[in-house]
Each structure stands twice: as C-alpha cells, then as structure tokens.
Amino acid sequence: MKSLLLVPILICLNIGVYAQSHRSLNLIERTNYFLIGGNIGVAYLSGGYANQTPQQVDLSAARPAITGYLQTKISKRWHVRAQGSLMMLTSKDKRANQETTGQKAFETILFDFAPLFVYDLGVNKKYKRRSPYSRKKGSLISWYLVGGTGLFAANVKNYIGGTSGNRYGGTLNGGLGLRYTISENWIFNAEALGRLSTTTTLDGTRSQKLPVDLYLTTQIGVAYRIPGMRIMR
C-alpha cells in the first residue's frame, strides 16, 4: 500500500524537476551568457591547383582543422565571438594537361584569428514551442549565421615550384551553424565557415581563375555556457 502511495508522489517530483529545469534553461537563454567552445573538423582550399571549377574538385584535400572561441550574448538575437583556428591546407595538382597533374602541389599550415558576429535565426519549426523566449520549454535546436573579418598567418610549401615562405593577410568570413542545447551548461554545435582571403598565394602560385584564394572549414564541437547576470529583453 505504501509503495502505491509513493508512485504519484514520485511522478509529481519528476514533473516538478523537469519543469524547473526548463524554466531555468529559459532564463539562462535570456541572459548575457558566455560560451567557451572548441570545434574540430576539416579544411579545404580553393586555389590555383584545385577546387576552383567542378573539374578541379579534390575531395582528398580535406585536412584537419581545430578552432577555439569565446562568445558572449549582447542582445536577444546577437552574439559577438573571438575565435582562433589552426589548420592544414593542401591539394593535388588538378590542372589538366600539365606534367605535374595528379602530384601533391603544396602544403600550408595556417592560423587565423577573427572577431565575428553571430545572429540567431531562431529555433527549428519542429521545436517552435520550445523557443527560449516563450514561457514554456527551453530551446533545443537553433540556427545561426556567422560573419566578420579576420587576420591570418600561413607557412606555405610549394612542391611543384620548389618554393616556400610565409604569408600574411586578412579575411572576410561568412557561414552557417546549428546549435543544440544538451543541458543548461553544455551546447553542441555544427558549423561551416568560409573565408575570402586577401591573397592568391596560399598555395604558392598566383595563376588561378578566381581573384583570390578561398578556404572553408566544416566542424563540430561543444561549448560550456556560463550564465549571465543581465536579462535580454
């Protein structure tokens, strides 16, 4: 008999804890919280040797890329982020009718730093009822845009030309991401970010179809959230 009485009590307690968790998440989402995050993934370069036309695509050119960042929320939709990325860029010579076609063309180690703006597009329609700005549940899945400028430093080794050297310059960045709330403190994200550089020599050659070199990272990662003190209206 006593065990039967415990059942409704435990159900009520679980409901209370569940509701409190979502109310807490809803409140945290509306504060000027901080994110300390890290991403891992791959990087590609579009340069003179490959990835500038459909015939030149080199999927084997994917190389590791890691990113660390600090991000804070400044309004209901806007965040600012300071991020640093370290990556390798390479490709085969995909130019047609060359003596070196198919050979490894270059290898570049690149670091970039970027102050970025992040704009929340809102939650997935499937989870619209869970908007962090509603009075119900906290957000689980949301989409966001990333944009800004940056600086890079790169060490380039060109195997075809037999040259090497350092390159420095700026970038114009833009991308799209997805954020999934695991708990009040932990967030998972997936992100693709493209960089338009100010140089044509990230692969050690100036001969190419596009005006400048482009490189792209696709990454996944986690971030730890520190709740803020100020409520965003």
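User: At 40% relative accessibility, does W78 count as buried, partly exposed or exposed?
Analyst: This is a predicted model, in which local features need pLDDT of at least 70 and side-chain atom pairs count only at pLDDT 80 or more, while totals for chains, interfaces and linings use all residues. Residues are numbered from 1 along each chain as its sequence is written, and side-chain values use heavy atoms, without hydrogens or water. Buried means under 20% relative accessible area, exposed over 50%, and partly exposed in between (1.4 Å probe, protein chains only). W78 has 40% relative accessibility, so W78 counts as partly exposed.

User: What is the relative accessibility of Y119, and how does Y119 count?
Analyst: The value for Y119 is 30%. On that basis Y119 counts as partly exposed.

User: How many aromatic pairs does the structure hold?
Analyst: Rings of Phe, Tyr and Trp (its six-membered ring) pair if their centres lie within 6.5 Å; planes under 30 degrees apart are stacked, over 60 edge-to-face, the rest tilted. Counted this way, the number of aromatic pairs in the structure is four.

User: What kind of pair do Y49 and F106 form?
Analyst: The ring centres of Y49 and F106 are 6.3 Å apart.

User: How many residues apart are Y49 and F106 in the chain?
Analyst: Strands (E, at least two residues) and helices (H or I, at least four) are DSSP runs, numbered from the N terminus. Y49 is in the loop between β1 and β2 (63-73), and F106 is in strand β4 (residues 104-123). The pair links distant parts of the chain, and the separation is 57 residues.

User: Why is the pair of W78 and Y119 called tilted?
Analyst: The centres of the W78 and Y119 rings lie 4.9 Å apart. The planes stand at 55°, so this pair is tilted.

User: Which strands does the pair of W78 and Y119 tie together?
Analyst: The parts that this pair ties together are 41 residues apart in sequence. W78 lies in residues 78-92, strand β3, and Y119 lies in strand β4. The strands are therefore β3 and β4.

User: Which residues form a cluster through ring pairs?
Analyst: The cluster is held by ring pairs. The residues linked in this way are W78, F117 and Y119.

User: Which residues does I220 touch?
Analyst: I220 has its place in strand β8 and is partly exposed, with a relative accessible area of 45%. Contact means heavy atoms within 4.5 Å. Leaving out residues up to four places away in sequence, I220 touches G38, N39, I40, F188, N189 and A190.

User: How far apart in space are I220 and A192?
Analyst: In sequence, I220 and A192 are 28 residues apart. From C-alpha to C-alpha, the distance between them is 8.9 Å.

User: What is the relative accessible area of I226?
Analyst: I226 is placed in strand β8. This residue is partly exposed, and its relative accessible area is 37%.

User: In what order do the elements of the protein chain run?
Analyst: The protein chain has one helix and eight strands. Starting at the N terminus, the order is α-β-β-β-β-β-β-β-β.

User: What share of contacts joins residues at least 24 apart?
Analyst: The protein chain has 233 residues, and 42% of them are buried. Taking contacts between residues at least 6 apart in sequence, the share that joins residues at least 24 apart is 68%.
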